[in-house]
Amino acid sequence: MNYLAHAVLAKPNLYSLTGNLLGDFCKGMALDTLHPDILAGLRNHRATDSFTDQHPEVRQLKTLFSPNRRRFAGIALDVLFDHFLIRHWQQFYSTTFADYKQQLYTDLAAAEPLMPVAMAHTMRSVRTHDWFSSYQQLPQLGLALDRIASRIRFPHQFAGIVDEIQPQYTALEQSFLRFYPQLQLHIEQLALEA
């Protein structure tokens, strides 16, 4: 799952939010120095990723991508799942997505002092460039995926992966709708941030 899903699966406090988003930014950190609630959030992030990566539905979806791009299918699915979460937000949450997003951006700004520098920089970009609005439409999502591809430092064929998403869009969406409630339940039952 990508940033939006990790954020919404966090508890409603800045420590949890920081921990749930920290997973991509904690390499080389001394985790034992983290605030206990940030560390619990990081554990929640890792449990989310583990459940997602091992889920049969997600594993099957990765096979829909061409062999040249399959290596990056997990990254594409993470971002695509945020897209589907936005599209079907009201199916899972009672607040509107617009209201949630505004509060999230406010909370991300307030949580910056808790974040490592690279994470704070990325989350500032999420807010100032309104990443989650760009995730709402598939063409903009394709551009976001291409920006991710441009940061990969070795030869690859990740760029243009949206061309493989478009013909499989309905199947991918239906799989997400089956998968996401299972993820919600799994995280709730684990209660790593109780």
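The model is predicted, and local features accordingly need pLDDT of at least 70, side-chain atom pairs count only at pLDDT 80 or more, and totals for chains, interfaces and linings use all residues. Residues are numbered from 1 along each chain as its sequence is written, and side-chain values use heavy atoms, with hydrogens and water left out.

The largest pocket has a volume of about 690 Å³. On a 1 Å grid over the protein atoms alone, a pocket is an open set of points where a 1.4 Å probe fits, with protein on both sides within 12 Å along at least five of seven lines, and lining residues have an atom within 4 Å of a point; grid points are joined across faces, edges and corners, and the volume is the space filled by probe spheres set on the points. The lining comprises 20 residues, of which Tyr 3, Asp 24, Ile 75, Ile 148 and Arg 151 are the closest to the centre of the pocket. At least two lining residues each come from helix H1 (3–8), helix H3 (36–54), helix H5 (73–87), helix H9 (131–134) and helix H10 (138–150), where helices are DSSP runs (H or I, at least four residues) numbered from the N terminus. By residue class, the lining divides into nine nonpolar, five polar and six charged residues; Ala, Val, Leu, Ile, Met, Phe, Trp, Tyr, Cys and Pro count as nonpolar, Asp, Glu, Lys and Arg as charged, and the others, Gly among them, as polar.

The structure holds six salt bridges, a salt bridge being a side-chain nitrogen of Lys or Arg within 4 Å of a carboxyl oxygen of Asp or Glu. One of them joins Arg 69 and Glu 164, with the closest N and O atoms 3.0 Å apart. This pair links distant parts of the chain, with Arg 69 in the loop between H4 and H5 and Glu 164 in helix H11 (residues 162–165), 95 residues apart. Arg 69 is buried at a relative accessible area of 16%, and Glu 164 is likewise buried at 16%, where buried means under 20% relative accessible area, exposed over 50% and partly exposed in between (1.4 Å probe, protein chains only).

A further salt bridge connects the side chains of Arg 87 and Glu 173 (3.2 Å, N to O). Arg 87 lies in helix H5 and Glu 173 in helix H12 (residues 169–190), so this pair ties together parts that are 86 residues apart in sequence. Arg 87 is partly exposed at 48% relative accessibility, whereas Glu 173 is buried at 9%. Asp 130 and Lys 101 also form a salt bridge, their closest N and O atoms being 3.1 Å apart.

Lys 62 lies in helix H4 (residues 56–62) and is partly exposed, at 22% relative accessibility. Beyond its neighbours within four places in sequence, Lys 62 is in contact (heavy atoms within 4.5 Å) with Asp 53, Arg 70, Ala 73, Gly 74 and Leu 77. Asn 2, placed in the segment before H1, is buried with a relative accessible area of 11%, and its contacts, again leaving aside neighbours within four places in sequence, are Asp 78, Val 79, Asp 82 and Tyr 135.
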